[in-house]
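User: I would like to learn how to read the features of a protein model, taking them one at a time. Please give the general idea and then the case at hand.

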Amino acid sequence: IWSTFLGGGYSFASGTSFSTPMTNGVAAAIYAANPYLSANQVEQRLYAGCDDLGAAGDDDTYGRGRINLEKAVIAAVTGSMSLTVTNLVAGQTANLQVSGADPGGTVYFAYSLTGTAITDVPQVNATIGLAAPALLATAVADGAGTLSLDRPVPLGAVGVSTWVMAVENGNGSNIAAQVIQ
């Protein structure tokens, strides 16, 4: 780890006395980005944010890899759900599909016309990655944690940039961004 050195300057060092405070700082940033996460969810986001080094997965040399603050904070506001959105075409129906939701859980679909930002949504006990989110719809996941939802795309919306995200209590999806055709 490249760090400041006693007496001035910078030097390389290694060991838990260097890695522990850095890892704790990333964990604190994850929790700050999404205070609704449990300790286990923070740990999952920390691991998801690591840059895998060496052999794939957890290994004896690099463990889970090198922590990456940016990836970890993005993971804090997205989570384990996967969202797929068909092409958004004005006047047609778009299909939104989610996997990785809690089986039988309520999933909220939100969209933004202004972009991404870390936004607290206390009504859902979640923090999401959309600026000024608006509720599009809610749906219930099946026993496998998947669901599909159809929604019409407004006819006069050609050229509008749209960001869509699915969220449930303490969990979210990736952000799907498209310009309406």
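Predicted model: local features only at pLDDT ≥ 70, side-chain atom pairs only at ≥ 80, totals over all residues.

User: How many helices and strands are in the protein?

Analyst: Helices (H or I, at least four residues) and strands (E, at least two) are DSSP runs, numbered from the N terminus. The protein has three helices and 12 strands. Its C-alpha atoms fill a box of roughly 65 × 35 × 35 Å along the principal axes.

User: What share of the residues count as buried?

Analyst: Buried means under 20% relative accessible area, exposed over 50%, and partly exposed in between (1.4 Å probe, protein chains only). Of the 181 residues, 36% count as buried. As for contacts (heavy atoms within 4.5 Å), 59% of those between residues at least 6 apart in sequence join residues at least 24 apart.

User: How do I read the packing of two helices?

Analyst: Two packed helices are described by the angle between their axes and the distance between the axes. Axes are lines fitted to C-alpha atoms, for helices over the stretch in contact, and angles run from 0 to 180 degrees between N-to-C directions. Helix 1 (residues 16–33) and helix 3 (residues 69–78) pack at about 30°, with axes 8 Å apart. Helix 1 and helix 3 are therefore roughly parallel (angles under 35 degrees count as roughly parallel, over 145 as roughly antiparallel, 65 to 115 as roughly perpendicular and the rest as oblique).

User: What is the hand of the crossing of helix 1 and helix 3, and which residues meet there?

Analyst: A crossing is left-handed if the near helix is turned anticlockwise from the far one by less than a right angle, and right-handed if clockwise. Helix 1 passes helix 3 in a right-handed crossing. From helix 1 come Val 26, Ala 29, Ile 30 and Ala 33, which meet Leu 69, Ala 72, Val 73, Ala 76 and Val 77 in helix 3. By class, the residues of this contact are nine nonpolar, no polar and no charged. Here Ala, Val, Leu, Ile, Met, Phe, Trp, Tyr, Cys and Pro count as nonpolar, Asp, Glu, Lys and Arg as charged, and the others, Gly among them, as polar.

User: At what angle do helix 1 and helix 2 cross?

Analyst: The axes of helix 1 and helix 2 (residues 39–48) cross at roughly 115° and come within 10 Å. This crossing is right-handed. Thr 23, Val 26, Ala 27, Ile 30 and Tyr 31 of helix 1 make the contact with Val 42, Arg 45 and Leu 46 of helix 2. The contact of helix 1 with helix 2 has six nonpolar residues, one polar and one charged.

User: Which residues have the most contacts inside the largest nonpolar core?

Analyst: In soluble globular proteins, nonpolar side chains tend to be buried together. A nonpolar core is a set of buried Ala, Val, Leu, Ile, Met, Phe, Trp, Tyr and Cys residues joined through side-chain atoms within 4.5 Å. The largest one here has 22 residues, and those with the most contacts inside it are Leu 83, Val 85, Val 98, Val 107, Phe 109 and Leu 147. Two or more residues each come from strand 3 (82–85), strand 4 (93–99), strand 5 (106–112), strand 8 (134–140), strand 9 (147–152) and strand 10 (161–168). Strand 4 gives the largest share, three residues. Apart from this core lies another of 10 residues, including Ile 30, Val 42, Ala 72 and Val 77.

User: Where is Val 153 found, and is Val 153 buried or exposed?

Analyst: Val 153 is in the loop between strand 9 and strand 10, and is buried, with a relative accessible area of 8%. Leaving aside neighbours within four places in sequence, the contacts of Val 153 include Leu 88, Val 89 and Ile 180.

User: What is the phi of Ala 132?

Analyst: Most residues other than glycine have a negative phi. Ala 132 has a positive phi of about 45° although it is not a glycine. Ala 132 lies in the loop between strand 7 (126–128) and strand 8, and is exposed, with a relative accessible area of 59%.

Notes: Residues numbered from 1 in each chain as written. Heavy atoms only, no water.
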